[in-house]
Amino acid sequence: MGISRSAYYKYKDSVFNYEEQLTNNIVSVYCILRDEKGVLSSIISRLYELNTNILTINQNIPIDSVATVTFSVRFEHDALSTNVLTEELSKVHGVVEVKIISGE
């Protein structure tokens, strides 16, 4: 492995493949939101209630009274499906459209 024996035994239980730890249950979601106060905050609160870990949020400037937001979230141990996520986010006041861009 190119490391000393002591380093191997010290860190062997803490090192995992990238694919195993980081890409499992990561979903990218595209939303169109009304340009109203508190809509993005409501989305973030709902994601917290759904027990997801928010990894990224990208918000664009509103055009024609709507703004696009893209975010990536990680599910905890397959606790949530993408269909349920889409349905729950669609129920939030001010959400116009929700699409899953990538993920399981």
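**Aromatic and charged contacts in the predicted model**

Y8 sits in helix α1, which spans residues 5-11; helices (H or I, at least four residues) are DSSP runs, numbered from the N terminus. The model is a predicted one, in which local features need pLDDT of at least 70, side-chain atom pairs count only at pLDDT 80 or more, and totals for chains, interfaces and linings use all residues. Residues are numbered from 1 along each chain as its sequence is written, and side-chain values use heavy atoms, with hydrogens and water left out.

Rings of Phe, Tyr and Trp (its six-membered ring) pair if their centres lie within 6.5 Å, with planes under 30 degrees apart counted as stacked, over 60 as edge-to-face and the rest as tilted. One aromatic pair is found by this rule. The ring centres of Y8 and Y9 are 5.0 Å apart and the planes meet at 80°, so this pair is edge-to-face.

How open to the outside are these tyrosines? Y8 has a relative accessible area of 32% and is partly exposed, whereas Y9, at 52%, is exposed. Here buried means under 20% relative accessible area, exposed over 50%, and partly exposed in between (1.4 Å probe, protein chains only). Together with I3, Y8 and Y9 make up a nonpolar surface patch that has about 320 Å² of accessible area. Patches take in residues with over 30% relative accessible area and no salt bridge, joining like charges within 9 Å and nonpolar side chains (Val, Leu, Ile, Met, Phe, Trp, Tyr) within 5 Å. The areas come from the Shrake-Rupley method with a 1.4 Å probe, and for residues only the protein chains shown count as cover.

Attention now turns to the charged side chains. The whole structure contains four salt bridges, each a side-chain nitrogen of Lys or Arg within 4 Å of a carboxyl oxygen of Asp or Glu. One of them joins E49 to R46, at 2.7 Å from N to O. Both residues belong to helix α3 (residues 39-49) and are three residues apart, about one turn of the helix; E49 is exposed, at 54%.

Another bridge links E88 and K91, at 3.3 Å from N to O. E88 is buried, at 17%, while K91 is exposed, at 61%. R46, E49, E88 and K91 are connected in a network of salt bridges.

K99 and E97 also form a salt bridge, with an N to O distance of 3.3 Å. K99 is partly exposed, at 44%, and E97 is partly exposed, at 29%.

Definitions and conventions: Helix = DSSP H or I, 4+ residues; strand = E, 2+ residues; numbered from the N terminus.
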